[in-house]
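The sequence and the structure come first.

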Amino acid sequence: MVNKITALYCRLSQDDMLAGESNSITNQKAILLKYAQDNGFSNPQFYVDDGFSGTNFNRPDFIRMMNDVESGKVETVITKDLSRLGRDYLKTGEYIEIIFPDYDVRYIAINDNVDTFKSENELMAFKNIFNDWFARDTSKKIKAVFKAKGMSGKHLSSPIYGYMRSETDKNLWIIDEETAPVVRKIFKLCIDGYGPTQIARILTEEGIPTPTAYAKSKGKNAGHPNAKLHRWGEQTIDNILEKPEYAGHTVNFRTHIKSYKSKKRIDNPKEEWVIFENTHEPIISQHDFDLVQELTPEIMHEFIEKIVVHAPDKSSGHRKQKIEIYFRFNVATATVIADSWEYDKKKKAA
């Protein structure tokens, strides 16, 4: 392919920003473009990942660059130094020593004097190990700061549905008057005898925006991109009903990251949570919150007064059967119609 790409790759993580202007994207671009022009590298194109860790290679523009490499479009990859390519010494070494050579791609790290077309790269492995150690050490320091903040009673997470951050104190949660009524409605319905599935159906039928839809309407990062925006789910209701935060408490250390090289969060057992009571204004009273926690499926069963199973109706050519559940104290009545035709459709689809 004529006039192949000279890939000028820039990366900056949140931690790198602490180093100041020397690692900025603007500075990296200036250094890379000047080097390419001074050394006769043609067709320079920038690939930029701003705000991405060097321990993870799942970065948008790095992936785009590697797609071009694998398509045979790239002749040379240039970075400011080895750490811009990555801080995982095993993976970084694999790209430099195996993957790039497999595609006949030359790699240059300007400040580290690395050029795979030359043989003077003996110190490269040690530099990669140092970059990996730097990432590990930075991670330890961040965890220490994170733990100190969490043990002081300050929130470690963004405000949950029903709350918003105070404009005068970023560590203080205040009630979001748009969504707090929905939270109160969810707890009231539960106390009235409705289960999570029923509550989700009621909110969906009333057209109340889900937490994801509400966050998107405010221009916020709303979590999973494939979340259903207009249908409440049973799990969402469960999560809301279980959060002590709605009674005014701060709960820290619910999750942890297994490794500094992985961003995947793992749930901690409840006995490892740290709870600070009465840190912000409650949406739900402690009495109502405690009552909801006691409404386990076994206790909910005790609320049932009777179940009426009607005779099956086969007039439509398939079996339909109506089941009515009456709860004590006239709190609710649930009606279910079992349709054999719908069941057969689901079985065939499965």
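## Salt bridges

A salt bridge is counted here when a side-chain nitrogen of Lys or Arg lies within 4 Å of a carboxyl oxygen of Asp or Glu. The model is predicted, and by this rule it holds eleven salt bridges. K91 forms one of them with E94, and the closest N and O atoms of that pair are 3.4 Å apart. Because K91 and E94 are three residues apart in helix α4 (residues 89-102), about one helical turn separates them. K91 has a relative accessible area of 31% and is partly exposed. E94 is also partly exposed, with a relative accessible area of 31%.

A second bridge joins D38 to K34, with 2.7 Å between the closest N and O atoms. D38 and K34 both belong to helix α1 and are four residues apart, about one turn of the helix. Both D38 and K34 are exposed. K73 forms a salt bridge with D68, where the closest N and O atoms are 3.9 Å apart. K80, D81 and R84 are linked in a network of salt bridges.

## Overall make-up

The protein has twelve helices and 14 strands. Of its 350 residues, 37% count as buried. The accessible surface comes to about 21,000 Å², and carbon and sulfur atoms account for 53% of that surface.

How much of the contact set joins residues at least 24 apart in sequence? Taking contacts between residues at least 6 apart, the share is 59%.

## Aromatic pairs

The count of aromatic pairs comes to 13. One of them is Y161 with W232: the ring centres are 6.1 Å apart and the planes stand at 70°, so the pair is edge-to-face. The angle decides this, because planes over 60 degrees apart count as edge-to-face. Y161 lies in the loop between α5 (124-151) and β6 (163-165), and W232 lies in the loop between α8 (211-217) and α9 (234-241), so the pair ties together parts that are 71 residues apart in sequence. Y161 and W232 are both buried.

F187 and F289 make a tilted pair, because their ring centres are 6.3 Å apart and their planes stand at 40°. F187 is in helix α6 (residues 180-191) and F289 is in helix α10 (residues 286-294), so this pair ties together parts that are 102 residues apart in sequence. F187 and F289 are both buried.

## An aromatic cluster and charges over rings

Which residues form one aromatic cluster? They are Y9, F57, F62, Y95, F100 and Y107. F62 also takes part in a contact with a charge: the charged end of R59 sits over the ring of F62, 5.2 Å from the centre of that ring.

A further charge over a ring involves K29 and F46. The charged end of K29 sits over the ring of F46, at 5.3 Å from the ring centre.

## A buried loop residue

S13 lies in the loop between β1 (5-12) and α1 (25-38). Is S13 buried or exposed? Its relative accessibility is 8%, so S13 counts as buried. Apart from neighbours within four places in sequence, the residues in contact with S13 are G51, F52 and S53.

## A nonpolar surface patch

M164, L172 and I174 form a nonpolar patch on the surface, and together they have about 200 Å² of accessible area. I174, one of these residues, is in strand β7 (residues 173-175). The relative accessibility of I174 is 32%, so I174 counts as partly exposed.

Key:
Residues are numbered from 1 along each chain as its sequence is written. This is a predicted model: local features need pLDDT of at least 70, side-chain atom pairs count only at pLDDT 80 or more; totals for chains, interfaces and linings use all residues. Side-chain values use heavy atoms; hydrogens and water are left out. Helices (H or I, at least four residues) and strands (E, at least two) are DSSP runs, numbered from the N terminus. Buried means under 20% relative accessible area, exposed over 50%, partly exposed in between (1.4 Å probe, protein chains only). Contact means heavy atoms within 4.5 Å. Patches are made of residues with over 30% relative accessible area and no salt bridge: like charges are joined within 9 Å, nonpolar side chains (Val, Leu, Ile, Met, Phe, Trp, Tyr) within 5 Å. Accessible areas come from the Shrake-Rupley method with a 1.4 Å probe; for residues, only the protein chains shown count as cover. Rings of Phe, Tyr and Trp (its six-membered ring) pair if their centres lie within 6.5 Å; planes under 30 degrees apart count as stacked, over 60 as edge-to-face and the rest as tilted. A charge sits over a ring if NZ of Lys or CZ of Arg is within 6 Å of the ring centre and within 35 degrees of the ring normal.
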